[in-house]
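Subject: Structure handover

Hello,

Here is the structure you are taking over. My notes on it follow below.

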Amino acid sequence: MGELDLGMVNWARAQFTLTAMYHWLFVPITLGLSFLCAFFETIYVRTGKEEWKRLTKFWMTLFGINFAIGVATGIILEFEFGTNWSNYSWMVGDIFGAPLAIEGIFAFFIEATFFAVMFFGWERTSKGFHLFSTWMVAIGSNLSALWILVANSWMQYPVGMVFNPDSARFEMQNIWEVILSPVAVAKFTHTTSSSFVVGALFVIAVSSYYLLKKRHIDMAKKSILVASVFGLLSGLFTAFTGDESAFVNASTQPMKLAAYEGLYKGSRGADIVAFGMLTPGKKTGDGQEPFAFEISIPRGLALLATREWNGYVPGIEDLVYGNSAEGLVGAADKIERGKKAIADLAAYKAARKAGDDAAGKAALERFNVNKDYLGYGYMTRPEEIVPPVASTYYSFHYMVYVGTFIIFLMLFFLKAGLSDRLPENRLLLRLGVASFFLAYLASEMGWVVAEVGRQPWAIQDMLPVKMAATNIGSGHVQGTFLLFFILFAVLLLAEIKIMLKQIKIGPEVA
Amino acid sequence: MIGKLDITTLQQLWWILCSVVGSLFLFLNFVQGGQTLLWQVAKDDREKSLIINSLGRKWELTFTTLVLFGGALFAAFPKFYATSFGGAYWVWILILFTFIVQAVSYEYRKKPNNLLGEKTYELFLFVNGSVGILLIGAAVGTFFTGSNFTLNAYNQVAWTHPLRGLEAAFSLFNLSLGLFLVFNARVLGAMYLVNNIDFKGLPQFEARVRRSCLSSFLLSLPFLLYVVVGLVFFDGFGVGKDGAVAMVAGKYLGNLLAMPLVLVLLLAGLFLVILGVTRTGLAKSTTGIWFGGLGTVLVGLAVFFTAGFNDTPFYPSKADLQSSLTIYNASSSHYTLTAMTYVALAIPFVLAYIAYVWRLMDARKIDERDLADKKAY
C-alpha cells in the first residue's frame, strides 16, 4: 500500500481527537440524565404529585439543550471514518460498518421518535405512554452507546475476522464474537456506568448551587436524593468494571496496560504504583529509572492484571525488545515478519494480475505464515509501538483518583440527604458543584487512556494509524479542522450560555 | 432462509434496502423544504413559531434517516463509503456542516441568551434546506455523471480533481438534480405544513402555504425536465459482458426500458407528486403530503434502481472507467451481508412504531396551545 504523509495523518488525528472529545462533552450527560429523568417521572407517575412533574420537566429542559448539541457533534463522527480515514473504512468496513448500521436501526430511531413524545407529548399522550417514551429515550441513548462501543472495542481487540488477500481487506467471520468480545462487554459497562456518575453529578451540582443560593430548596433536595443513590451505585459499578477493563487489557493490549501503569520492566508479582511521578524525558530503553518518586502497593499489579499473586506482567521494554524467559517476541522480529508479509502480498497480487497461478499460490503460502504481523510491517523501528506514556499514565491515574473520590462524595451526599441536613452543609454543597468538573475531566481522560494508550494502532496489531488515513493532503484536513474547531467553539459557547440561563431561571413555579 | 441466499441476491437486496432508506430520506426532506419556506410564508412571529414547532417534531427523523443511509452504505457497500466520503471530501463535509448547524437550531432559536440570535438560527435552517439539499442532489447526480477517482490494487482512493468533490456541483445535470430536490422539498414542506398546522383564524397564512406548494412545483419543473432529458439522451456508464466498464449510448433510457417496473415506479411517482400538488395547491385538501410523499419515494427508488441495476456501475469514475464501483464489486462479504439481512428484519418494526407515534402525536394539529408550552421551540 502507498505510504501517507505523516503531517497529514497527524492533522487527521488531531481532527478526530477534536471532534470525539467535543462530542464526549455532551454524551455522558445524555446517558446519565436520560435515566434520571426517567426515575423522576416514574416517581411522579407513582405518587401523582405535581412537584415531581415540575422537577422532571426542569431536568428535561436541560437534557434537551445538551441533547441537541450532542446530536450535532455526533453526525460528524459517523462520516469522519469515511472522509478522513478511507483506507481504514475500506480495510475494515466489512466488520466496522455493521455496528454503525445496527446503531442506526436499533438505537437512533428510538431516540428520535420518543424524544418528540418526551418533549411535546405531555398533553398529547397518556401519562403511561409518556413515561414509557421517557424510558425509551434513556434506553435508546444507551443502546446507541452500546453499538458504537462494540465498534470501538473491535478496533482495540480485533476478533471474529480474517484477512482476505484478494480484496486486501479484513472480512467478518463471526458477528457474535465481535459483539460479545470481553473488551466490548468491559468497555460498554464501564463507559455507561461512569457516564451515569457524570449525569448524577450534573444534577447534584446544579441542585447544590440552588441550595447554596437558597432557591428551589425542596426540588434540589429531592433531586440530590435520587441522584446520589444512582450515582453511588453507578460509581461502585464503575470501579468494578474499571478493574475488569484493566484485567482484560492485560491479555488483549498489554502495551496499553504497561503504559498507563508506567511499567517499563515487567516482572512476576509486579507492584502497582499508587502515587508516582514519571521521570521527565524518560525514553524506552534508555536505562533511566521510570519514576522520579513513587508509592507502590506490593503485588498490586500482578493481582490486577492476572488475578494471581505471582502472575507475570510484561513491561513496555519486554514488549518492545522481547523477553525470552517469558516467551515474548520482540517488535523487531515482528516488524521483519510483517515486512515479509507485505512483500509476499504484493507478489501474490502481481502473480494474480499476470495470471501465474503457481507463483500466486506459492506467494500466498508464504504470506499466510506471517500474515498476523502484517501491521508491524509498516513500522520502521521497534520503539514505534510504544504509545505516549506520560499522557496515558497521568490520564489513567487522574481518572482513578477522581473515580474513587466521587464514590465517597456520593456517600456523603446520600447521608446528608437522608438525614435532611443538606442546606447547612455548605462545604459539601461547594464540593458538589466543583466535583462535576472533576468528573467531567475524568470521563474525557478515560478516552485518552483508551485511545492514546492504543497508539500507534488504528486496529490493534493489524493496521497502524498512519496507514489508515485518506490520502488527501494536509491542506484539506487543516481546512476542515479549522472549520470544525470554530463551529464547535461557537456552538459550545451558545450551549453554555443557554444552559446557565435556564439554570438561573430554574423550574416553573407552582 | 436468509442464510441460504447467494451473494448476488444479497447485493441486490442491499441495494434495494439502501435505496429505500435514501428515498425515505428524500420524502422526509419536507423538513428541509419547510425550513426554506419559513421566511417566505410566515409573516409574523406566531406564524413562524407554528412552522418551527410543526417541523420541530419531525426534524430528528430526517436527520436519523440520513445517518442510517450513511451507516447502511458503510455496512453493505464499504468500498463506496470509503471511496466517496474520502474522495469527494468537500461536498460531504459541507453537507455535514449544514446538518450540524440544523441540529442545534430548533432547540436554541428561541432560548434566551442564545449567543447568535434568533435570525442566525433561522439562517442555519435555511442553509440546511437549500445548500444542504442542493449538494446532496449534486452528490446523487454523480451516480450518473461520474466522479474523478482512481483506485489502486489495494483499493485506496486517489481523487484527480483539485476541488475534491465540489466539482460535482458545477455540472449542469448535477446542479439540476440538486435544484429539483430543493424545490421538491419545498413542495413537500408546504404539503406537510398544510397537513400538520391548525390554520383556524389564519386563512391568509394557509393561502400563502398552499400557494408556495404550487409555485415551488412550477419552479422545479425546468430542472426536472433537464434531468429527465439528460437521462434519456446522455451516454451512460455500462458494464460489458467481459466485466469492463465502457460508455454506452442511451444507457439510462435503456435501463428504464429494460426494467419496465422501474419505469412504472418513475411515472407513478411523478403522477402522485402532481396529484399531491393539485390537492394542496389547487384544492382545500390536507392529504397532499401522503401523495407527494409516496410519489417522492417511488421516484427516488426509480432513480437509485436506474443507477445501480442492469449492469450499471452506481458510482462510476470518469477518470478511470475500470475503477468504477458496482453493487457487486463494492459490497461487503457474503457473511456480513447475511448477518445484516437478519438485522434488517427489524426495519418493519421500526417503521411501525414510528408510524404509531406519528399518528398519536399528530392526532391534534399544531396550534396556539403548543406555542404556549414552555418547551416550545
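A place to start is Trp90(B), which touches Leu163(B), Arg164(B), Gly165(B) and Leu166(B), leaving aside residues up to four places away in sequence. Please keep in mind throughout that this is a predicted model. Trp90(B) belongs to helix H6 of chain B. Trp90(B) counts as buried because it has 21 C-beta neighbours inside 10 Å, and the cut-off for that class is 20 or more. From Trp90(B) to Thr8(B) the separation is 82 residues in sequence and 33 Å in space, C-alpha to C-alpha.

The contact between the chains

How many residues does each chain bring to the contact? Chain A brings 62 residues and chain B brings 62 residues. On the side of chain B that touches chain A, at least two residues come from each of H4, helix H5 (78–87), helix H6 (89–108), strand E2 (157–159), H13 and H14 of chain B. By class, the residues on that side of chain B are 40 nonpolar, 13 polar and 9 charged.

One pair of helices from the two chains can be described in more detail. Two packed helices are described by the angle between their axes and the distance between the axes. For helix H3 (residues 50–84) of chain A and H4(B), the angle is about 15° and the axes are 10 Å apart. That angle makes H3(A) roughly parallel to H4(B), since angles under 35 degrees fall in that class. The crossing of H3(A) past H4(B) is left-handed. On the H3(A) side, Val71(A), Ile75(A), Glu78(A) and Phe79(A) take part, and they meet Phe63(B), Val67(B), Gly70(B) and Gly71(B) of H4(B). The residues of this contact are 5 nonpolar, 2 polar and 1 charged.

Helix H13 of chain B

Which residues of H13(B) are buried? In this helix, which covers residues 334–344, the buried ones are Thr336(B), Leu337(B), Ala339(B), Met340(B) and Ala344(B). They lie on the same side of H13(B), because the arc they cover around the axis is only 165°. An α-helix has 3.6 residues a turn, so residues three or four places apart point the same way.

The buried residues of H13(B) pack against elements of both chains. In chain A these are helix H4 (86–120), strand E2 (169–172) and helix H6 (175–179). In chain B they are helix H1 (7–28), helix H4 (59–76) and helix H14 (347–361).

Helix H2 of chain B

Helix H2 (residues 30–41) of chain B is largely enclosed by the rest of the structure, because 9 of its 12 residues are buried. The buried residues of H2(B) are Phe30(B), Val31(B), Gln32(B), Gly33(B), Gly34(B), Gln35(B), Thr36(B), Leu37(B) and Val41(B).

H2(B) packs with helix H3 (residues 45–56) of chain B at an angle of about 170°, and their axes are 10 Å apart. The two helices are therefore roughly antiparallel, the class for angles over 145 degrees. H2(B) passes H3(B) in a crossing that is left-handed. Val31(B), Gly34(B), Gln35(B) and Leu38(B) of H2(B) meet Lys48(B), Ile51(B) and Leu55(B) of H3(B). This contact has 4 nonpolar, 2 polar and 1 charged residues.

Backbone points to check by eye

Most residues other than glycine have a negative phi, and most peptide bonds are trans. Which residues depart from this?

- Arg299(A) is not a glycine but has a positive phi of about 60°. Arg299(A) sits in the loop between strand E5 (291–297) and helix H10 (300–306) of chain A, and it counts as partly exposed because it has 17 C-beta neighbours inside 10 Å.
- Asn310(B), also not a glycine, has a positive phi of about 60°. Asn310(B) is in the loop between helix H12 (288–308) and H13 of chain B, and is partly exposed, with 18 other C-beta atoms within 10 Å.
- The peptide bond from Gln455(A) to Pro456(A) is cis, and its omega is near 5°. Pro456(A) is in the loop between helix H15 (426–452) and strand E7 (457–459) of chain A.

One more residue

Thr42(A) is placed in helix H2 (residues 27–47) of chain A. Thr42(A) counts as partly exposed because it has 16 C-beta neighbours inside 10 Å. Thr42(A) and Glu111(A) are 69 residues apart in sequence, and their C-alpha atoms are 19 Å apart in space.

Regards

Technical notes
Residues numbered from 1 in each chain as written. Chains lettered and ligands numbered in written order. Predicted model: local features only at pLDDT ≥ 70, side-chain atom pairs only at ≥ 80, totals over all residues. Helix = DSSP H or I, 4+ residues; strand = E, 2+ residues; numbered from the N terminus. Arc of directions from axis to C-beta. Contact = placed C-beta atoms within 7 Å. Nonpolar A, V, L, I, M, F, W, Y, C, P; charged D, E, K, R; others polar. Axes fitted to C-alpha atoms, helices over the stretch in contact; angles between N-to-C directions. Parallel < 35°, antiparallel > 145°, perpendicular 65-115°, else oblique. Left-handed = near helix turned anticlockwise from the far one by under 90°.
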